[in-house]
Amino acid sequence: MFKDQPKGLFALALANTGERFGYYTMLAIFLLFIQAKFGFSAAAATQIYSIFLAGVYFMPLFGGMLADKIGYGRCVTIGIGVMFLGYLCLSIPTSPDLAGKILMFGALALIAVGTGLFKGNLQVMVGNLYDDPKYAAKRDSAFSLFYMAINIGAMFAPSMAKAVTNFFLGKSGLVYNAEIPAIAHQIMAGNLENADKLTELAGTMSGSAGMDALAFSNFYIDKLSNAYNYGFAVACISLIVSVAIYYGCRSWFKHADVTAKQAKAANANEVELTPEQTKSRITALMLVFAVVIFFWMAFHQNGATMTLFARDYTASSVSGFTRIGFNIGSLFLIAVSMYTLFGIFQSEEKKNKILCGAATLLLWGGAYWIYSGMSGVVKILPSDFQQFNPFFVVALTPLSMAIFGALAKKGKEPSAPRKIGLGMIVAAVGFSILTVASIGLASPKELGGTVSPDLVSPEWLISTYFILTFAELLLSPMGISFVSKVAPPKYKGAMMGCWFAATAIGNYLVSIPGAIWNKVPLWGVWTLLITLCLISALFIFSIMKKLESATEG
């Protein structure tokens with residue numbers, strides 16, 4: 001798995017891990033932040049969320065085009081600085097007035113621009129490492145490992161967001177309650193219908209002493225918003241770590257920081273394509289990009305409607321064995337154990353097999369020890385569910401690599417476009433689980449901004465994330481590898497940017513389910529996503545021969 005990979009891969013992957021940790025810490029609480037602080041409706045909040053995601057993933061198109069001219073490493077460096085300024089601005093506590101909104105939107109713009117300069121160009125350098133014939137056969141596995149590293153950062157992010165939020169709320173004598181922000185904004189707007197309920201909730205917190213419903217509403221919203229601001233500051237720290245790794249290990253990948261123009265000037269071996277080959281490859285890539293739009297529209301509901309489902313329809317506590325999933329320590333040990341477990345079968349020496357077996361047992365024992373020490377009932381926050389997708393990515397990557405590796409040896413490995421089509425079908429299955437869970441539940445419109453009296457088990461959402469992760473592993477790392485392999489050399493940055501631009505369009509379309517959230521039955525939201533995934537799969541399979549023939553040229 002890790003054997004014979006260039007060490008530049010690990011340097012670039014770890015630099016990206018730090019940056020992604022901060023980004024996903026911010027993203028885990030961003031929707032909750034803008035609703036709590038500014039009182040935005042679900043439709044407005046998901047619209048802001050989707051526009052931001054679209055910006056984050058659309059800007060790599062311009063970042064890639066710029067990097068093709070001035071260099072990938074230079075753009076990465078500039079991007080880190082711009083992102084840092086954005087996260088710094090987002091972490092400044094402000095009043096929920098016009099000035100606060102301007103600062104927030106300005107910070108989001110900086111983060112989007114900085115990410116556009118950083119993300120795609122870092123991945124182009126990873127791809128350049130595998131232009132060397134010595135490593136060419138390991139391109140797909142390299143991007144699977146790179147994608148796994150990204151998700152290590154994402155896996156720890158929700159727990160960090162939760163820890164920071166609870167810590168700063170606790171300093172004010174408060175605890176998080178999903179019902180309070182919506183009710184607080186109602187009371188601040190003059191609607192006292194739920195004042196008694198808020199007073200009852202406030203009575204459980206020491207920080208509410210001597211406050212009436214209005215005073216407590218203002219106090220709670222202010223302290224919760226500030227706690228989220230401190231959570232955003234985590235991204236600044238993680239970027240500093242990324243910078244240290246990137247520059248400390250730059251000698252490992254400096255040779256990959258070369259554009260087509262620079263390679264030609266240095267008389268390096270660079271593939272020359274005919275105009276027909278260039279056109280054929282770009283056409284194939286554009287067709288794939290058109291399909292993945294709808295995957296990202298569906299997949300990134302994790303921070304939008306799926307977060308709303310977690311907040312309003314899912315139990316806020318968990319008991320039994322499911323508790324193990326809500327402790328990041330146990331999840332980390334289980335994820336690592338997947339690598340030692342596969343090491344038993346992949347190690348060539350008996351001694352290494354024994355060591356891997358012993359390590360696996362120790363990791364499982366540690367995970368069980370953590371689980372056995374947990375409370376019988378564990379309180380959970382809506383953002384906690386966002387750690388399951390990256391956990392499953394990290395844990396399932398060895399299985400994915402083993403399956404595709406075995407198929408490759410038999411000459412039966414599916415092509416990248418075929419994997420993408422299969423991923424769309426699997427995504428549809430994932431949302432079918434939420435559809436079943438939603439049958440019989442009141443619609444968001446009926447709830448009127450409150451939490452459902454009928455709460456479902458957290459296992460419904462966990463199962464959905466599990467299936468969606470399989471879809472993601474079929475589509476995302478393989479898609480990025482496909483772009484790095486097929487893109488014409490002089491357009492590598494631009495084509496990687498187009499991959500992210502397609503992701504951006506999908507992220508913007510995330511707002512569509514949010515827009516109908518209060519207008520259709522709950523199951524109707526998930527049915528829309530299922531339909532789009534299946535139509536996308538049908539389309540890509542209908543043009544499969546054209547895609548595969550174009551990429552062979």
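The paragraphs below go through a helix, a surface patch and the cysteines of this predicted model.

Helix α6 spans residues 180-188 and is mostly covered, with 7 of its 9 residues buried. Those buried residues are Ile180, Pro181, Ile183, Ala184, His185, Gln186 and Ile187. What covers them can be read from the helices they pack against: α1 (7-38), α7 (195-202) and α8 (213-248). After α6 comes Gly190, which has a positive phi, near 100 degrees.

The next feature lies on the surface. Leu399, Ile403, Phe466 and Phe470 make up a nonpolar patch there, and their accessible area together is about 300 Å². Two helices, α14 (388-409) and α17 (458-486), each contribute at least two residues to the patch. Leu399 belongs to helix α14.

The cysteines remain. A disulfide is a covalent bond between the sulfur atoms of two cysteines. Searching the whole structure gives 0 disulfides. For Cys75, the reason is distance: the closest cysteine sulfur, in Cys498, is 15 Å from the sulfur of Cys75, so the two are too far apart for a bond. The cut-off for such a pair is 2.5 Å. Cys75 is buried because its relative accessibility is 0%. Cys498 is also buried, with a relative accessible area of 13%, since buried means under 20%.

Methods: Residues numbered from 1 in each chain as written. Predicted model: local features only at pLDDT ≥ 70, side-chain atom pairs only at ≥ 80, totals over all residues. Heavy atoms only, no water. Buried < 20%, exposed > 50% of the residue type's maximum accessible area, 1.4 Å probe, protein only. Patch = residues over 30% accessible without salt bridge, like charges linked within 9 Å, V, L, I, M, F, W, Y side chains within 5 Å. Areas by Shrake-Rupley, 256 points an atom, 1.4 Å probe, with all protein chains shown as cover. Salt bridge = Lys/Arg side-chain N within 4 Å of Asp/Glu carboxyl O. Helix = DSSP H or I, 4+ residues; strand = E, 2+ residues; numbered from the N terminus. Contact = heavy atoms within 4.5 Å.
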